[in-house]
Amino acid sequence: MISKRLIPCLDIKDGKVVKGINFLGLKEVGNPAELAKKYYEEGADEIVLLDISATHEGRNTMIDVVQDVAKAIFIPFTVGGGIRNLEDIRNMLLAGADKVSLNSSAIATPLLIREASKIFGSQCIVVAIDAKQRVDKSGYDVYVNGGRKNTGLDLMDWVKRVIELGAGEILLTSMDADGTKQGFDIDMLKLVNTGLPIPLIASGGCGSIEDIEEVFVEDVADAALAASIFHYGTHPLPQVKKQLKEKGILVREYE
Amino acid sequence: MIAIIDYGVGNLHSVYNALTAIDCPCVITCDPIVIQASSGMILPGVGAFKDCMQNLQDSNVIDVIRQEVNNNKPILGICLGMQVMFEKGYEVEACDGLGFLQGEVTLMRDQSVKIPHIGWNQLQQVKEDPILEANNNVCVYYVHSYSASNYDINDVVAFSEYGNLKIVGYVHKGNILGMQYHPEKSGKEGLAMLNKFKEMCV
């Protein structure tokens, strides 16, 4: 049977890995290809590279980063952040990315999802969604611009739409949980994952192995994405995998 | 020298990078002379069955591939590259494949699981094979919505289970090899398989 995926996420600014805490206060933690290779060797199932560069020059360095990573690791990797159109998607795929993730551009131009999945195949089009619970707890709103702008779109409506448009996977980040290290937003994940026909990647809030375990035991996602618990060496991937396996969760074993 | 057959679909570089990592000389090409001179062929594939066959046609590589396969040169089809080696595909519309392997390629149907089948799945080996030596039950990376059906069971080396489906993971018939998963994206174990293929191509 298919195993649950562990996905370290590398936030990249101007060609260097950084990690944001609630999208504020960045701290440099390494070189993208080196860090990606370390995770590959430790047994990561996939890697996400998220470009958070604010400038045009910063974004241009991303192509080089992708090319370097493609030569260093032999597992799939996804590139997101600042991908605006079909040309950006083509450039990232040609540079060696296996998938791209669309966020703000998908909200601005939903048909980009349809065109991209038609041209490149649904399997390489991930739609990233940042969502936050409404104050009256009546549901969740979709945010863009690194969580600064409420689009007013309802999460479930948007999920339904992106599936219709041909998204191959959904990467769902809880704005409430992100950066807190208090665990994934299980309620929100459960809501989205129930009856979802495509794979779901859980993101935001991971602070411990138990948090990942909870996602898989509750069966609310196909993959768990995390950054800080891997970056700072407190929870090495082999240890995470070993513990998940002991809890009866199917993870990929490797040599 | 292994020829990675280029028929204009892009993303051939992951196969190229993987072969380079195992010190396997290779070239991305659609030139019949280069393909003839190669010691083995890899047919990658991304996209839909019909488009893939059309692109192979437009690139004028079908004749040389067929001829080299008849000359007993090893060929490894990866993902869609494996699928088009069967007789027929039904993605979007019915379309003839290369017909190196008996069987057809149909949409996977199982209400209990998500389609496409994306992620790492265990290979369940059903017979011995030089490529999978000591690789029993290894996990490999899949990403696909269609899979082989009505195949010759004798060609199958390994399956993967997904919901109620038994997906053909790896087929091997003489000089014809096909992997539904991506060995170039299946970590060190995948590279080891490509290395075994390299050893076959001498």
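Author: Start with a pairing: strand 1 (residues 2–5) of chain B runs parallel to strand 3 of chain B, joined by 3 bridges. This is a predicted model; local features need pLDDT of at least 70, side-chain atom pairs count only at pLDDT 80 or more, and totals for chains, interfaces and linings use all residues. Residues are numbered from 1 along each chain as its sequence is written, while chains are lettered from A and ligands numbered from 1 in the order in which they are written.

Reader: What counts as a strand, and what counts as a pair?

Author: Strands (E, at least two residues) and helices (H or I, at least four) are DSSP runs, numbered from the N terminus. Two strands pair if DSSP finds at least two bridges between them. Ile2(B), for instance, stands opposite Gly40(B) in strand 3 of chain B.

Reader: Which strand is joined to strand 3 of chain B by 3 bridges and runs parallel with it?

Author: Strand 4 (residues 75–78) of chain B. There, Leu43(B) has Gly77(B) as its bridge partner.

Reader: How do I read the side chains of a strand?

Author: In a regular strand the side chains alternate between the two faces of the sheet. Look at strand 3 (residues 40–43) of chain B: Gly40(B) and Ile42(B) point one way, Met41(B) and Leu43(B) the other. All four are buried. Buried means 20 or more other C-beta atoms within 10 Å of the residue's own; exposed means 12 or fewer, partly exposed in between, with C-beta atoms placed from the backbone.

Reader: What order do the strands of the open sheet have?

Author: The order is 6-5-7-11 in chain B, 4 strands with mixed pairing. Strand 6 (95–96) and strand 11 (146–149) are the edges, each pairing on one side only. Strand 7 (residues 104–107) and strand 11 of chain B are antiparallel over 4 bridges. Val105(B) has Ala148(B) as its bridge partner in strand 11.

Reader: How many helices and strands does chain B have?

Author: 6 helices and 14 strands. The radius of gyration of chain B is 15 Å, close to the 17 Å from the globule rule for 202 residues, so chain B is as compact as a globular protein of that length. That radius is taken over C-alpha atoms; the rule is 2.2 Å times the number of residues to the power 0.38. Of the 202 residues, 50% count as buried.

Reader: How many residues of chain B are in contact with chain A?

Author: 27, against 27 residues of chain A. Contact means C-beta atoms, placed from the backbone, within 7 Å.

Note on methods: Two residues are in contact if their C-beta atoms, placed from the backbone, lie within 7 Å.
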